[in-house]
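Please examine the sequence and the model together before reading on.

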Amino acid sequence: MPDLAIETHGLTKRFRSQLAVDDLDLAVPPGAVYGFLGPNGSGKTTTIRMLLGLVAATAGDARVLGADMPRHVDSVLPRVGALVEGPAFSPYLSGEANLRRFDAADREAPRRTRAARVVEALDRVGLSHAARKKVHAYSLGMKQRLGIANALLMRRELLVLDEPTNGLDPQGTREVRALIRSFAEDGTTVFVSSHLLAEVEQVCTHVGVMSAGRLVAQGTLDEFRAEGETRVLVRTPDAARARRVMAGLGLDVDEEAAGGIRPVTIPATDAAGNAAGDAVVARLGTRPPESVVAALVDAGVRVRGFETLHANLEQRFVELTGEGFDVVQ
Amino acid sequence: MSSEVEAGTTSAGRGDREAVVSRPALQAGGTLSLLGSELLTLFRRRRTWALLGALALIPILIGVAIRVAGAAPTGRGPAFLDQITNNGLFVGVTAIIVATPLFLPLTIGVVAGDAIAGEASHGTLRYLLIAPAGRIRLLVVKYVAAAVFCAAAALTVVVMGTIVGWVLFPIGPVTLLSGATVGVGDALLRFLAIAAYVTVSLLGMSAIGLFLSTLTTVPVGAMAATAILAVASEIMDALPQLEWLHPWLFTHYWLGFGDLMREPVVWDSFAENALLQAGYVLVFGALAVGRFITKDVLS
């Protein structure tokens, strides 16, 4: 069993009175694409800074690529490419000069191949045309790409990408997704923090969710989704009877029909001019959805629409971290 | 895309890592590489050239003013000012005497104070550290770069002064403070020695600037604090009530290069100055390391 790519036990960081990261037990298996989720201010970046040895933990320990951090930063970090809290460059240098500078700081990066590796990295993120432009003339998206190029200067065993698609246009976002997939295919472990859930859902194999400095959930994406409840939504003019039938089947019928659950679908149906009637929503539990339809039809309920609603990542995320702007701080 | 290039560089990278080259040798090479990159960055920066340009203006102003207005009355103005019309070689010496109390320390304050705080304010500090540059290694490289700038600054004033003097005034053998007269070549060597003296004088201050630079993410704060300390030290050096403190002030020997203008050259003040500056470098270097290796990098 190979070491975990990232492993923390009881990792804690306290800034004066504020507990930024609280008793974190991360486990990132090698080869995983790990989505590190959490609302703004939930401790994601502080965690990343601790993993990379920029910030000292108040308590607990962190192992990256099998070695204790921050004691082994010098031997571990050359194998790690990272984008931390947005890209940062010397504005008065060109993109190319900035990359060369960071590469020169890595004492394991061979000088001989530096120029070629910089050109290659710029090419991979589509910045070859702007290589000689000063960074202060770069757009936000270009800086973001340059930041990703910096993480790619050497072959890495682990990539830590903090909000990699921030500021990118849809094309750039797709490219980053494709890049992440290609690293994963090469066996590189990718640890990507994001609050763009759809993004994470598309590329990640594993998910961890932070809330107010604590890791509130962690596992494979499938496990994570399975923990969420599946519901069924029935559209019928005979709402009362449908409720009775479904309750009779042992389903937990929501009192407020469809209240709060994907309210968008209801006006959409109405707009189609189809008098679909009311929507009845119930938690499915372990029962196969088709048996519900059969029971409803047997009981003479006019079923005009039937949907199973899987909890998507966003619903799980909100369940775990709270609604709206009232997220736990 | 060119995965061949990728694969090629990768195996090269791995090869180097596992090669027979001993680790210290590899690291020494890496440190030189980082220093080269740091110097390139420093001297590619427009600000650096603006600072050196401002310093170069001092001898130009002195030379042109005297050329236009005529010789200064004997015994007034900075030392050697009255001799310039007789011998243009004195422009460089006069300029460095004028620049040492304020202009030079200001430029050193900018470069040394910016060393770490500037990287922090750009956010590049975190990327240098995760490269990983190594915290102590980064401090050493930053300090050496600041020291190189000190030399560049002192040389700029002396060399520019000599050129200006050469162009605007007659040149001839130089009468030294001890009364002896030396040829132009000998005098030029002494001017270089003065530039070296001034460079050494600024090393202690550079270490103070580097330390202050590790305390903040606002470079202007560290720059101003460094320059203010230099001026404060000079003021204390001028107060007779604080005489017991004078030999310990890092500015105390700043204008002591007159001994290089005697025949034979008296090196005592050079040595005393170097020893004092080394003390400052050790103390503030240690403080900078102590602060920086435990610092949480949040910028």
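The model is predicted: local features need pLDDT of at least 70 and side-chain atom pairs count only at pLDDT 80 or more, whereas totals for chains, interfaces and linings use all residues. Residues are numbered from 1 along each chain as its sequence is written, and chains are lettered from A and ligands numbered from 1 in the order in which they are written.

**Chain A overall**

- Chain A contains twelve helices and 15 strands; helices (H or I, at least four residues) and strands (E, at least two) are DSSP runs, numbered from the N terminus.
- Of the 329 residues in chain A, 44% are buried. A residue is buried if 20 or more other C-beta atoms, placed from the backbone, lie within 10 Å of its own, exposed if 12 or fewer, and partly exposed in between.
- Among the contacts in chain A with a separation of 6 or more, 73% are between residues 24 or more positions apart. Two residues are in contact if their C-beta atoms, placed from the backbone, lie within 7 Å.

**The six-stranded sheet of chain A**

- Six strands of chain A form an open sheet with mixed pairing, in the order β7-β8-β9-β4-β10-β11. Two strands pair if DSSP finds at least two bridges between them.
- From one strand to the next, the twist averages 10 degrees. Axes are lines fitted to C-alpha atoms, for helices over the stretch in contact, and angles run from 0 to 180 degrees between N-to-C directions.
- Strand β4 (residues 33-37) of chain A runs parallel to strand β10 (residues 206-211) of chain A, and four bridges join them. Within this pair, A:L37 is opposite A:V209 in β10(A).
- Helix α6 (residues 170-185) of chain A packs on the sheet and touches β4, β8 (158-162) and β9 (189-194) of chain A; the direction of the helix makes about 150 degrees with that of β9(A).
- Helix α12 (residues 313-321) of chain A lies across β4, β10 and β11 of chain A, at about 35 degrees to β10(A).

**Antiparallel strands in chain A**

- Strands β1 (residues 6-15) and β5 (residues 59-64) of chain A pair in the antiparallel sense over five bridges, with A:T12 opposite A:A59 in β5(A).
- β5(A) also runs antiparallel to strand β6 (residues 67-69) of chain A, to which three bridges join it; here A:V64 is opposite A:A67 in β6(A).
- The hairpin formed by β5(A) and β6(A) has two residues between the strands, and A:L65 in the turn has a positive phi of about 50 degrees.

**Contact between the chains**

- The contact takes 35 residues from chain A and 36 residues from chain B.
- On the side of chain B that touches chain A, α1 (3-18), α2 (23-44) and α6 (124-130) of chain B each supply at least two residues.
- That side of chain B has 14 nonpolar, 14 polar and eight charged residues. Ala, Val, Leu, Ile, Met, Phe, Trp, Tyr, Cys and Pro count as nonpolar, Asp, Glu, Lys and Arg as charged, and the others, Gly among them, as polar.

**A helix pair in chain B**

- The axes of helix α4 (residues 90-99) and helix α8 (residues 184-213) of chain B come within 11 Å and cross at roughly 10 degrees.
- α4(B) and α8(B) are therefore roughly parallel to each other (angles under 35 degrees count as roughly parallel).
- B:G92, B:V93 and B:I96 of α4(B) make the contact with B:F191, B:I194 and B:V198 of α8(B). By class, this contact has five nonpolar, one polar and no charged residues.

**Backbone details**

- The peptide bond from A:M69 to A:P70 is cis, with omega near 5 degrees; A:P70 is in the loop between β6 and α2 (73-76) of chain A.
- B:E263 and B:P264 are joined by a cis peptide bond with omega of about -5 degrees, and B:P264 is in the loop between α9 (219-238) and α10 (268-293) of chain B.
- A:E163, a residue other than glycine, has a positive phi near 50 degrees and is in the loop between β8 and α6 of chain A. A:E163 is partly exposed, with 19 other C-beta atoms within 10 Å.
- A:A212 has a positive phi near 50 degrees and is found in the loop between β10 and β11 of chain A.

Technical notes. Parallel < 35°, antiparallel > 145°, perpendicular 65-115°, else oblique.
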